[in-house]
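Reader: Please take one part of this model and look at it closely. I would like the nonpolar side chains and the aromatic rings.

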Amino acid sequence: MTGQRRVIARVLSEADDHPDVEELYRRALALDSRISVATVYRTVRLLEEKGILERRDFGGGRARYEATENGRHHYHLIDINNGKVIEFEDPEHEELMRKIADRLGFEFVSMRLELFGRKKAPVEKAAPAASTTKGKKA
């Protein structure tokens, strides 16, 4: 592995988000000014072919990447307004998927879940309604 590929691999391993190739290039360039965007594309393709990196499509017309985590099942919630990706785990969901696969005669191997949504607007609490009393005849 070349020094430039090591830099790209380091950037990927330190990423706590799901960068696209352009973002990987910007980060790698900050560490090594000799890295070209073509080198990043070739390295990403190689790491993907070797099963070290996984391509994700969260919309927006660009592939994003994350390290392959064999055996760990996690899911993604994508904010459609800003593209932010939130990773989460849900053991109950995983168990349900295992049961469904078993019921259908399959051995569970892996799964992918991507949710798309937008942040809910804060709910404003209404001020308590003033009680109105109408005059009553005695």
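Author: What follows goes from the nonpolar core to the aromatic pair and then to a surface patch.

The model is predicted: local features need pLDDT of at least 70, side-chain atom pairs count only at pLDDT 80 or more, and totals for chains, interfaces and linings use all residues. Residues are numbered from 1 along each chain as its sequence is written, and side-chain values use heavy atoms, with hydrogens and water left out.

A nonpolar core is a set of buried Ala, Val, Leu, Ile, Met, Phe, Trp, Tyr and Cys residues joined through side-chain atoms within 4.5 Å. Buried means under 20% relative accessible area, exposed over 50%, partly exposed in between (1.4 Å probe, protein chains only). The largest such core has 13 residues, and Val40 and Val44 have the most contacts inside it. Helices H1 (3-14), H2 (21-31) and H3 (37-49) each supply at least two of its residues. H1 gives the largest share, 4 residues. Helices (H or I, at least four residues) and strands (E, at least two) are DSSP runs, numbered from the N terminus. Val40 touches Ile8, Val21, Leu24, Tyr25 and Ile35 (heavy atoms within 4.5 Å), leaving aside residues up to four places away in sequence.

Now the rings. Rings of Phe, Tyr and Trp (its six-membered ring) pair if their centres lie within 6.5 Å; planes under 30 degrees apart are stacked, over 60 edge-to-face, the rest tilted. The count is 1 aromatic pair. Tyr75 and Phe88 form it, tilted, at 5.6 Å centre to centre and 50° between the planes. Tyr75 lies in strand E3 and Phe88 in strand E4 (residues 85-88), so the pair ties together parts 13 residues apart in sequence. Tyr75 is buried at 1% relative accessibility. Phe88 is partly exposed at 25%.

Strand E3 (residues 75-79) also holds Leu77. Leu77 is partly exposed, at 32% relative accessibility. Leu77, Ile86 and Leu115 make a nonpolar surface patch of about 220 Å². Patch residues have over 30% relative accessible area and no salt bridge; like charges are joined within 9 Å, nonpolar side chains (Val, Leu, Ile, Met, Phe, Trp, Tyr) within 5 Å. A salt bridge is a side-chain nitrogen of Lys or Arg within 4 Å of a carboxyl oxygen of Asp or Glu. Areas come from the Shrake-Rupley method with a 1.4 Å probe; for residues, only the protein chains shown count as cover.
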